[in-house]
Amino acid sequence: MVHRLTPIAQKLRREPTKAERILWRSINRGQLDGFRFRRQVPLAGYIVDFACHEARLVLELDGATHSSDEELAADAARQQKLEKEGYTVLRLRNAEVYDNLDGVAETILLKLRALRPRIGETDS
C-alpha cells in the first residue's frame with residue numbers, strides 16, 4: 001500500500017531546493033563515515049528533508065519560512081513527534097549550507113558519531 005505522503009515526497013525529491021541539492025551532494029552515498037541518508041522521507045506523519053535511519057538522525061533545512069511564531073511552534077511540534085519515534089532532529093539554516101558547507105558537514109558527522117559510534121573505531 002502506498003503511504004499517503006509518498007507522492008508528495010516523490011515530488012519533493014524531483015524538485016529540491018537549492019540548499020537541499022547542495023547538502024545532498026555532501027551527504028549522499030555514505031560520504032560521512034559510511035552513514036547513508038535518504039531524502040524527502042515520510043516519517044511520523046511528516047516528510048523530513050533527510051534521514052539517516054542507522055543513526056536515527058533527521059536533518060531539517062530551514063529557510064526564510066521558519067521564522068514566525070506559528071511556524072516555529074509547528075516546527076517544535078513536528079520535532080517532538082519525531083523525537084517520540086526515537087529520532088534526533090538537527091536543524092540547519094539554508095544560509096549555513098550556502099556559506100559554510102564544510103562546517104555543516106562536520107557538524108552532521110559529529111552528531112552521527114555521537115549517536116552511533118562505529119564498531120571498531122575505538123580499537124586503534
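Me: Why is Arg21 called partly exposed?
Reply: Its relative accessible area is 40%. Buried means under 20%, exposed means over 50%, and partly exposed is in between (1.4 Å probe, protein chains only). The value of 40% falls in between, so Arg21 counts as partly exposed.

Me: What kind of model is this, and how is it read?
Reply: The model is predicted, so local features need pLDDT of at least 70 and side-chain atom pairs count only at pLDDT 80 or more, while totals for chains, interfaces and linings use all residues. Residues are numbered from 1 along each chain as its sequence is written, and side-chain values use heavy atoms, with hydrogens and water left out.

Me: Where is Arg21 placed, and how far in space is Arg21 from Val58?
Reply: Arg21 is in helix 2. A helix here is a DSSP run of H or I with at least four residues; a strand is a run of E with at least two; both are numbered from the N terminus. Arg21 and Val58 are 37 residues apart in sequence, and their C-alpha atoms are 16 Å apart in space.

Me: How many helices and strands does the chain have, and in what pattern?
Reply: The chain has 5 helices and 4 strands. Along the sequence they follow α-α-β-β-β-α-β-α-α.

Me: What makes the chain as compact as a globular protein of that length?
Reply: Its radius of gyration is 15 Å, close to the 14 Å that the globule rule gives for 124 residues, so the chain is that compact. The radius is taken over C-alpha atoms, and the rule is 2.2 Å times the number of residues to the power 0.38. The C-alpha atoms fill a box of roughly 50 × 40 × 30 Å along the principal axes. Of the 124 residues, 37% count as buried.

Me: How much of the accessible surface belongs to carbon and sulfur atoms?
Reply: The share is 49%, out of about 7600 Å². The area comes from the Shrake-Rupley method with a 1.4 Å probe; for residues, only the protein chains shown count as cover.

Me: What makes Trp24 and Phe50 a stacked pair?
Reply: Rings of Phe, Tyr and Trp (its six-membered ring) pair if their centres lie within 6.5 Å; planes under 30 degrees apart count as stacked, over 60 as edge-to-face and the rest as tilted. By this rule the count comes to 1 aromatic pair. Trp24 and Phe50 lie 5.9 Å centre to centre, with 10 degrees between the planes. Both values pass, so the pair is stacked. Trp24 lies in helix 2 (residues 18-27) and Phe50 in strand 2 (residues 46-52), so the pair ties together parts 26 residues apart in sequence.

Me: How do you know that Phe50 is buried?
Reply: Its relative accessible area is 1%. That is under the limit, so Phe50 is buried.

Me: Which label does Cys52 get, buried or exposed?
Reply: Its relative accessible area is 0%, so Cys52 is buried. Cys52 also lies in strand 2. Its contacts beyond four places in sequence are Phe35, Arg36, Phe37, Leu57, Tyr87 and Leu112.

Me: Why does Arg78 count as buried?
Reply: Its relative accessibility is 14%, under the limit, so Arg78 counts as buried. Arg78 lies in helix 3 (residues 69-84). Beyond four places in sequence, Arg78 is in contact with Tyr46, Ile47, Val48 and Glu60.

Me: What is phi of Arg29 near?
Reply: Phi of Arg29 is near 55 degrees, a positive value in a residue other than glycine. Most residues other than glycine have a negative phi. Arg29 is in the loop between helix 2 and strand 1 (38-43). Its relative accessible area is 70%, over the limit, so Arg29 is exposed.

How values were computed: Contact = heavy atoms within 4.5 Å.
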